Amino acid sequence: MLDAPGPLPRDMLRDLLGIRRDPLGYLRSAVERWGDHVAFPLPTTPVLFVNTVAGARRVLVENAGGWTKQTVQYGALSLVTGSGLLTSDGSAWREARRVAQPAFHRSGLAAVAEQSVAAAERLRARWDAGAAAAGDGPGGAGGGVVDVDAAALQATLEVVGRTLFGGDVTAEGVDDGERVVAAVLEALGVVVSRARTPVPGWLPTPSRRRLRRANRVMDEVVERVVARRRATGELGDDLLGLLLAAVDEGRLPPEAVRGELVTMVIAGHETVASCLTWTLHLLAQHPEAQQRLHAELDRVLGVPGNPGGPSAPAPRRAPTWEDLRELPWTRAVVDESLRLYPPAWVVTRRSEAEDVVDGVAVPAGTLVIVSPWLLQRRADAHPDPERFDPGRFTGEGPEVPRGAYLPFGAGARLCIGRDFALTEAVLVLAALLRDRAVRPVPGREPVLEALVTLRARDGLELRLEPR
Ligand code: HEM
């Protein structure tokens, strides 16, 4: 038994539908009702929800080795990934992390930047074509109402697909990046819907068949990508090359290649899309922050008739990797958006042995839930927590305490794609907003939905205005 207050089993049963419909709202109300440590009476597993910096730190940092990812959350994901960095533990995780890490070093980020800007430029072209077709503005100069959520998902899929598989398009012209990404989406859809309505694993349901089909596509594509890379005689030093070399050296099992590639597609697209969607929403809601962002973009990327400094040769050119450090406000907007809308809104772990989490004794096998969403909205850590204030990250606003800001997790399992994601988010925003503004569409307030990441139910419509 956990020595923490919480609902009775019959309360949980009564609330089950509500928990499924709005898990984040349920956690929020649980904290309001029972405080920062809440025990949930599940029949098979003790579950502790801990909403303190000290509790999160104990589990994710101080005693990280005593906690595993053997949880419902990661169990569901591993149906798609097999073994991969996100879901594995112990020595298998350590070795895979060591192998993959160099692919995420600074030297690889220039390629991420290039793909991010290219994806944003394709998106701009689609928007302009759509606006021209709808007769919105001369030549479709970026006007009209668009679903930025769908657009962000498409752009981030392209970035992760092309960064990981881009050089490996088949001779027949079939884009394997797109195929594997489509299969991952299909499989994820099945896993999310099954997590909501559990069906015995042996039942040959249509969703089970869809999952098997998607898994087969992933197997085939990865096999082909690997064969092609091997046929070149050079393994290369990108993620695929590093994984193959590690398999050859016996450091990783052969199936790790598929597991890690699929893991990166899953971990690396919807998270960044969620970040972009909510950042655009916040900018639309806060014209003064958007104005400052535009001023920064004008300074760095030039303005029509008045090109910027030496680093801005053409009026409002597309941003580049080199511009990143010149965009501190854009970056602060992203950082603050990740505080208010952390895409990974919940993180879970299971204890391998007894532990004490922020004063609560937990037996082995306890499931602990930490929510970056709730921690990052604690008033004692973030004054006026609901207020969107990018100044918190530029030194102009209240300081953000270490430990109370964890959109990328913390400790040894910190997101390996953190710099990848920040590079991508800042450059996509800069590319999209350099000559247009986003405004809210009256009556189309987004509805927050906490799925694998924080999504906008039915998308997020914003009005684009040329500027
Ligand atoms: C804004 C975007 C992103 C957010 C908010 C995010 C968030 C997170 C969080 C919170 C974790 C830790 C989970 C835990 O401790 O249980 C994590 C881990 C991970 N992320 Fe990200 N992520 C993002 C983008 C990316 C990208 C772009 C990639 C890859 C291309 C990626 C790959 C991974 C991987 C492989 C792990 C597992 C790392 C390990 O355990 O060694 N993520 N991410």
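This report walks through a predicted model, starting at the ligand and moving out to the helices and sheets.

## Around the ligand

Let's start with the ligand. It has 23 residues around it, and A267, G268, G409, C415 and G417 are the closest. Two elements give two or more residues to this shell: helix 11, spanning 256-285, and helix 15, spanning 418-433. Helix 11 gives the most, with seven residues.

What classes of residue make up the shell around the ligand? It has 16 nonpolar residues, along with five polar and two charged ones.

## Helix 11 and its partners

Helix 11 turns up again when we look at how helices pack. One partner is helix 4, residues 72-81, which packs against helix 11 at an angle of about 120°, with the two axes 9 Å apart. That angle makes helix 4 oblique to helix 11. The crossing of helix 4 past helix 11 is right-handed. On the helix 4 side, L77, V80 and T81 make the contact, while helix 11 brings G259, V262, T263 and I266. Sort the residues of this contact by class and you get four nonpolar, three polar and no charged.

Another partner is helix 10, residues 239-248. Helix 10 packs against helix 11 at about 155°, and their axes are 10 Å apart. Angles over 145 degrees count as roughly antiparallel, and helix 10 and helix 11 are therefore roughly antiparallel to each other. Helix 10, too, passes helix 11 in a right-handed crossing. Here L239, L243, L244 and V247 of helix 10 meet A256, V257, E260 and M264 of helix 11. The residues of this contact divide into seven nonpolar, no polar and one charged.

## Helix 12 meets helix 13

Helix 12 covers residues 287-301 and helix 13 covers residues 328-340; their axes come within 8 Å and cross at roughly 145°. Which residues of helix 12 and helix 13 meet? From helix 12 they are A289, R292, L293 and E296, and from helix 13 they are W329, T330 and V333. By class, this contact has four nonpolar residues, one polar and two charged.

On to the strands. Strands of a sheet pair through backbone hydrogen bonds, and they can do so in a parallel or an antiparallel way.

Strand 3 runs antiparallel to strand 5, residues 347-351, and two bridges join them. Which residue of strand 5 is the bridge partner of W67? That partner is S351.

Another open sheet has three strands in the order 4-12-9, paired in the antiparallel sense. Why is one side of strand 4 and of strand 9 left without a neighbour? Strand 4 (144-147) and strand 9 (436-440) stand at the edges with a single partner strand each, so one side of each is left without a neighbour in the sheet. On average, neighbouring strands here are turned by 40° against each other, direction ignored.

Strand 9 pairs with strand 12, residues 461-466, over five antiparallel bridges. In this pairing, R439 has R463 of strand 12 as its bridge partner.

## A hairpin to finish

Last stop: strand 10 and strand 11. A hairpin of three residues joins strand 10 to strand 11. Strand 10 covers residues 447-450 and strand 11 covers residues 454-457, and the two pair in the antiparallel sense over four bridges. To see this pairing in the model, look for E449 and its bridge partner in strand 11, R455.

Conventions. Residues are numbered from 1 along each chain as its sequence is written. This is a predicted model: local features need pLDDT of at least 70, side-chain atom pairs count only at pLDDT 80 or more; totals for chains, interfaces and linings use all residues. A residue is near a molecule or strand if its C-beta atom, placed from the backbone, lies within 6 Å of it. Ala, Val, Leu, Ile, Met, Phe, Trp, Tyr, Cys and Pro count as nonpolar, Asp, Glu, Lys and Arg as charged, and the others, Gly among them, as polar. Two strands pair if DSSP finds at least two bridges between them. Axes are lines fitted to C-alpha atoms, for helices over the stretch in contact, and angles run from 0 to 180 degrees between N-to-C directions. Angles under 35 degrees count as roughly parallel, over 145 as roughly antiparallel, 65 to 115 as roughly perpendicular and the rest as oblique. A crossing is left-handed if the near helix is turned anticlockwise from the far one by less than a right angle, and right-handed if clockwise. Two residues are in contact if their C-beta atoms, placed from the backbone, lie within 7 Å.
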